[in-house]
Amino acid sequence: MSKRILAMTLAVLMLFALLSGCAQKSSEEPQPEQPAQTETPAPPAEPEGLKEAPMLAEKVAAGTLPKVEDRMPKEEDILVSDTYESTGVYGGDFNYTWMGVDDKWSAGMLTEEPLFRFLPDGSGLEPNVAKSYEVNENATEYIIHFREGMKWSDGEDFNTDDVIFYWEHMLLKETFGKQLYDCYYSTDPATGERAVCTVEKIDDYTVKVTHKYPSPLFLERLAIDNKWFYMPEHFMKTILPEFIGDEKALEEAQKRGFNDAESLNKQYGYYYWLYPEIPTLNAWVATNDANSAQFVMERNPYYWKTDSNGSQLPYIDRVVCTKVEDASHKLLNTLAGDNSLQQLEFSDFTVLKEGEAAGNYSVYLWNTPKWCNTDLELNQTCKDEKLRELFQDIRFREALSVAANRAEIAEIVYDGLADPQNAAVPEGLQGYVEGAKDQWAEYDVARANQLLDEIGLKYDAKNEYRTHKDGSELTLTMHYNNGLTDAPALSELLTKYFEAVGLRTVAKPVDNTYFTDMKYNNELEVCLESAPGIVNVSLRPDVLVPLRVITPWFGMYGLYNATGGAEGVKPEGDVAEIMNLWTKLSASTSTEEINKYGDEIIKLHNKNRWMIGFVSGTPQLLAVSNTMKNVPENYIYCDEFRSWGNGKPFQFYIEQ
């Protein structure tokens with residue numbers, strides 16, 4: 001129980017005791033004779049059993065929707081969820097500002113339902129779509145039980161056929177454009193050999209996952225790598241070429257606005273929450289085109305959770321995502337009081353606090369495990385061979401780092417609310433190293449010039465800009481996703497610092513889709529990126545270990561590992577050593593061993609600075625309307641815990 005809830009409970013109990021004492025005292029004193037009164041009827045008792053939202057009750061009454069008890073799992077398999085403050089009331093819209101489908105993960109994390117989810121404080125896991133599990137002594141066999149009677153949002157039964165179908169026809173066959181996730185591999189402690197697990201159906205509500213070697217972190221990795229270990233078989237069979245043939249699949253894709261079946265499968269198999277036609281287990285279901293000016297998700301009538309009073313969740317009728325073209329409008333809409341809840345950058349803190357009363361919202365600060373705020377990354381597998389050689393030179397990365405005036409960045413970009421430092425694990429987390437944040441963090445133009453001279457980057461004939469060692473032009477092209485609100489100001493300052501030591505620099509903002517395409521096509525050279533915020537390497541290795549294409553600094557090293565060496569660039573040097581350490585970590589059977597190898601991975605990052613930070617990691621700001629209830633005031637905001645999804649939005653409600 002949170003301190004806040006405990007305090008509220010004690011206050012209520014004290015008030016109840018006080019009132020009870022007053023009532024007892026008055027009953028002992030002689031009372032004047034009162035005229036006979038008609039007894040006031042007691043308020044009607046709340047009906048027992050399941051309850052539902054009025055909008056659903058109307059559909060039941062009209063005969064267009066089954067009764068609530070026929071839409072839910074059997075009684076003992078319903079997930080009864082705790083609420084943060086209180087049981088809520090039905091109705092209202094959750095208004096949110098987003099940047100369209102480029103901002104898809106904000107809507108995804110709001111609604112997604114994983115098999116298992118982390119507890120709010122990260123201390124362990126709890127079953128979600130899964131009902132329970134059993135694991136054998138050496139962590140090679142996992143029996144996972146599901147909820148009998150659970151249904152998809154279209155009313156079709158959900159069972160283990162949906163899990164097996166996803167495994168056999170989508171994961172193993174990579175029909176949605178993703179390599180098989182790392183969580184499904186186990187590693188031989190002796191040889192480093194990796195083996196894919198097997199998944200088999202035991203019955204309609206039970207599956208068994210078997211690993212060749214011990215995999216003690218399987219459920220934790222599953223909760224991160226492949227959160228939804230299922231897909232609606234009955235729907236997917238209507239679009240996959242395997243079942244309807246290539247010609248029909250192409251026809252289906254084009255009918256839905258895609259050029260080919262491959263593009264359709266990637267979107268439908270991975271970003272399913274954006275498409276109204278795809279059945280889901282989520283609390284809210286898409287109702288229209290996500291590219292619309294307003295993307296609306298409406299409550300799922302078959303949602304399988306209730307509160308402690310038996311009221312079917314969610315409380316809120318609709319999630320309404322209003323599209324804007326510029327990230328600054330998220331702040332403007334919040335200040336105007338138009339958003340129910342909004343994630344915002346910490347650089348907006350001062351103006352948000354000043355606008356709380358006028359906008360009728362409150363600013364919540366959620367803790368983050370960020371190493372820094374926005375970092376600078378140099379693609380170690382850059383296509384340009386001259387730039388690649390330069391970026392892989394540790395002296396060049398140090399030169400860029402010490403050329404930056406972090407004190408000025410902290411003051412100008414972050415209003416003095418962040419501390420100057422390099423990227424480093426925050427104190428209190430696994431892998432923290434004393435002094436790591438101070439490495440290459442001192443502003444030292446002389447040192448930067450000395451290093452660039454040592455590398456052999458001489459000035460051009462005009463003595464204006466440095467060139468490559470062979471005298472050819474050298475330009476740093478710095479891309480950033482235009483959704484990073486601090487990036488424009490940060491890139492402007494970095495351009496000034498780098499050009500002050502002779503490095504011609506060009507900053508280029510791009511939209512998220514193009515940025516992602518450039519990353520997967522190995523077209524990024526230098527970029528600004530949201531800094532890693534991980535609780536433990538073992539839980540979220542992707543940003544520190546090149547397991548797949550996800551983080552710009554390791555470029556095509558990730559593709560090499562994801563494809564087993566068939567594509568990409570083979571890691572060398574300390575990056576290869578990171579992979580070696582990850583293999584050992586993956587084969588570890590104790591927490592001590594896991595943390596030992598995780599710490600070694602972090603030490604290599606501290607040594608090499610593939611991600612250069614400038615200020616301390618800042619809390620995540622949530623601007624919450626004062627009418628929005630059950631939103632935790634201070635939880636942990638990180639990818640492992642699904643960002644704001646950690647607050648369980650299905651139990652938020654609007655005060656009527």
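1. Strand S11 (284–286) and strand S12 (residues 294–299) pair in the antiparallel sense over three bridges, where strands are DSSP runs of E of at least two residues, numbered from the N terminus, and two strands pair if DSSP finds at least two bridges between them. Within this pairing, tryptophan 284 stands opposite arginine 299 in S12.

2. A word on the basis of this note: the model is predicted, with local features needing pLDDT of at least 70 and side-chain atom pairs counting only at pLDDT 80 or more, while totals for chains, interfaces and linings use all residues. Residues are numbered from 1 along each chain as its sequence is written, and side-chain values use heavy atoms, with hydrogens and water left out.

3. The pair belongs to an open sheet of four strands, ordered S2-S14-S12-S11, in which the pairing is mixed. Strand S2 (93–98) and S11 stand at the edges with a single partner strand each, so one side of each is left without a neighbour in the sheet. Neighbouring strands of this sheet are turned by 25° against each other on average, direction ignored, the axes being lines fitted to C-alpha atoms.

4. Helix H19 (residues 512–520) has Phe515, Met518 and Lys519 as its buried residues, buried meaning under 20% relative accessible area with a 1.4 Å probe and protein chains only. Seen down the axis of H19, these residues fall within an arc of 100°, so they line one face of the helix. Their cover includes strand S18 (475–481), strand S19 (504–510) and strand S20 (526–530).

5. At the start of H19, a side-chain oxygen of aspartate 511 comes within 3.1 Å of the backbone nitrogen of threonine 513. Just after H19, asparagine 522 takes a positive phi of about 60°.

Conventions:
Buried < 20%, exposed > 50% of the residue type's maximum accessible area, 1.4 Å probe, protein only. Arc of directions from axis to C-beta. Contact = heavy atoms within 4.5 Å. Polar contact = N/O pair within 3.5 Å; in protein donor to acceptor, adjacent residues only side chain to side chain. Axes fitted to C-alpha atoms, helices over the stretch in contact; angles between N-to-C directions.
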